[in-house]
Each structure stands twice: as structure tokens, then as C-alpha cells.
Amino acid sequence: MIDGYGRVVDYIRISVTDRCNLRCVYCMPQEGVQSVCHEEILRYDEIVRLAGVFASLGVRKIKLTGGEPLVRKGVPSLAAELNELPGIEQVTLTTNGIGLKEQLPALAAAGIGGINLSLDTLNPEVFERITRRPAFQQVMEGLEAALGYPEIPLKVNCVPMNVEGQNVTELAEFARRYPIHVRYIEMMPIGLGKQFGFRSEAEILAELETRYGPCRPFDGTLGNGPGRYVSFEGFAGKIGFISAISHKFCERCNRVRLTSQGFLKTCLQYERGADLKSLLRGGASDGEIRAAVEAAIRAKPASHQFLQRQDAEEDKETHTMSQIGG
Ligand code: SAM
Ligand code: SF4
């Protein structure tokens, strides 16, 4: 489907839960997380029905996200059902890696088309400071298990931040040694991310070039999103950057988001969209839901305004990233 600015929207991130087994400092508060009760979260049959409507409007790729998607039971079966929908070409997953080792066989059998694993550091002590949980070993086991499925494309995503000892260049070693891509995501001022300064693409690239020598730009596209990639001599995989702040990519935005509570969000930064759960549970037909989705996508904002004053617009996003799905 084409939005009001001529952009093709063919990708949706579907959050299956707002719960998580980590508490990353830029994503979730340490205490007082109000989990939404189960009845408020879309059931899998509701997600599949909505995904069918999105597919009928031209969505081709789905990313399952959360919170942490793997804390909800049955994600592999959901992925398999979504894969069966006419028009859907790929169902992928983003995860913090906990539980991945156990669920990989079922995910592979479900035809998962790719896994993004979020990992901000290779230092267990820094990991615990960032995520507030002693789960580094489990994440590494998940990563190692994923390396055992070379048919499932794997990306490691890191959010560089100003925290002592993070050493983001160490993570690039995965791309040097294995045919997987390591991507650096600029911290966005959404939810708790507002409290952290971002480290820019230019800064990280300079650190990588000091360690690995000059890079070459990679012109092809990899994945479904706004990542820009470079190659380093001798690397098996690529290094990518998702730089919403220093290299705004809104004019190429191809995505919308469905929250676990069934709200269709058309831009990360704004609360705008459509309450599809109310429509679903109010007995709306597929045609009525389709019309609501079309109207929301036509009104998708032109771009984020991350660098403008935070109080400049009234409907700016107030949720945390774990509630939105990243
Ligand atoms: N729990 C899963 C995970 O960590 O991959 C999926 C949900 S998480 C919200 C998705 C991604 O959003 C993660 O890679 C996380 O690092 C990223 N993220 C969270 N808050 C962010 C922020 N303020 N700016 C940029 N990325 C953020
Ligand atoms: Fe959980 Fe992912 Fe947010 Fe970390 S980034 S708290 S793993 S949802």
C-alpha cells in the first residue's frame, strides 16, 4: 500500500507482548513495570486475522517483536501460521537471545526467515549494568545456537551508548569471523532513550576504522529496513548502521507497527494510527478493518522530529520502546 507521501508500506513489526525478561536501561524502567493483562493483548488468532488484512493491502514482510517475543508461548506456531498467509514472503524475529537456544529448532521448522539478536556488549559485567539482569551467558548460548543454523540469516544489533566499558568495536568481531551482519543503532529519544545521549554513526565508524582499517561502502540492500552497510577487508559479514538521528531515513520508510494491544502505529515518534483491537472485538468485518488500516497509512506522518523541542507537538509518543516493539 502507498501512503500519503508516495512511500510503499510493505513491512510490519508485530509485537506479541510488552513483557520482557531483561530491563535494558534505555528501554524499560527497573521497577514498577505495569504489565498489561492477558485479555488486553491480542490473541494469536486475532494477530493472524489482522496480518491477513495487512497482506491483502501489500504487506509482504513481518517482524515479530516485543517486549521479548520469546517470553510468550507459541511464537514458533504463530510464525508458521503467518508464513502460510497468501502474500506474506518472510516472517522474521527480533530477540534478546534468552530462550533462543531452546526455541530455535521450532523456529527453524516454522520457516523463520531471519533473526535479529540484540546484544550491546561482550562484557558480562557491562551487560548486567545495561540490562539489569545476569543473563549474558544465556544470550551467548542463544547466539551460538543461531550460528548453528546458517540457513537463517542472523544479525546482531547493538545500541552504542555512553556507558563505561561497552566497547562496541568488539562486537564487530562476529562479522569478521562469521557471515553475519553486525549493526549499530543510534539511540532514539523514545521513552527512556530520551535520557541517554546517542553515539553517532560517524563516531562508531571512526573507532572501527582505527581497529580494522578503512571500510568500503556496500551499495546493495540487506534486510527490509533502513540499514546502510559497509565492508571491511577480511570480514565474512557486513557492518551496518541504523542512524535515525544522524542520517534520517524517513523518506524511505516502508513500515508500520502493530502493538501487542492491537494499535496500528504509523510512525515511531507519534501516537497516531488506528485502534484495530477495538474494531476486531467490536465485530468489524475484514473490509471495515482494511478501510481503517488504509486511512491510517494514508495519514502516516512524513517524518520524525527527534531533533526538535520535545514539547513541540502534542501527540508525540509517550510509551517505552518495549511497548512499541522497537
Ligand atoms: N526484546 C527484543 C530485543 O531486544 O531485540 C525485541 C524488542 S526491543 C524493543 C527491539 C530493539 O529496540 C532492540 O534492538 C533494542 O536495542 C532497540 N531499542 C530499544 N530502545 C531503543 C532506543 N531508545 N533507541 C534505539 N533502539 C532502541
Ligand atoms: Fe527487553 Fe528488548 Fe527492551 Fe531490552 S531492548 S528491555 S531486551 S524489550
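**View 1. The shell around ligand 1 is made up of seven nonpolar, nine polar and two charged residues.** Here Ala, Val, Leu, Ile, Met, Phe, Trp, Tyr, Cys and Pro count as nonpolar, Asp, Glu, Lys and Arg as charged, and the others, Gly among them, as polar. The model is predicted: local features need pLDDT of at least 70, side-chain atom pairs count only at pLDDT 80 or more, and totals for chains, interfaces and linings use all residues. Residues are numbered from 1 along each chain as its sequence is written, chains are lettered from A and ligands numbered from 1 in the order in which they are written, and side-chain values use heavy atoms, with hydrogens and water left out. Of the 18 residues around ligand 1 (a heavy atom within 4 Å), those that come nearest are Tyr 26, Gly 67, Thr 94, Ser 118 and Met 188.

**View 2. Tyr 26, Gly 67 and Thr 94 each place a polar atom by ligand 1.** A polar side-chain atom of Tyr 26 is 3.2 Å from an oxygen atom of the ligand. Gly 67 has a polar backbone atom 3.0 Å from a nitrogen atom of ligand 1. For Thr 94, a polar side-chain atom lies 3.0 Å from an oxygen atom of ligand 1. On its own, ligand 1 has 550 Å² of accessible area (Shrake-Rupley method, 1.4 Å probe), and the protein covers 94% of that area.

**View 3. Strands S11 and S12 pair in the antiparallel sense.** Strand S11 covers residues 263-265, and three bridges join S11 to S12. Strands are DSSP runs (E, at least two residues), numbered from the N terminus, and two of them pair if DSSP finds at least two bridges between them. Phe 263 has Asp 275 in S12 as its bridge partner.

Methods: A polar contact is a pair of N or O atoms within 3.5 Å; within protein, one must be able to donate a hydrogen and the other to accept it, and residues adjacent in sequence count only if both atoms are side-chain atoms. Helices (H or I, at least four residues) and strands (E, at least two) are DSSP runs, numbered from the N terminus.
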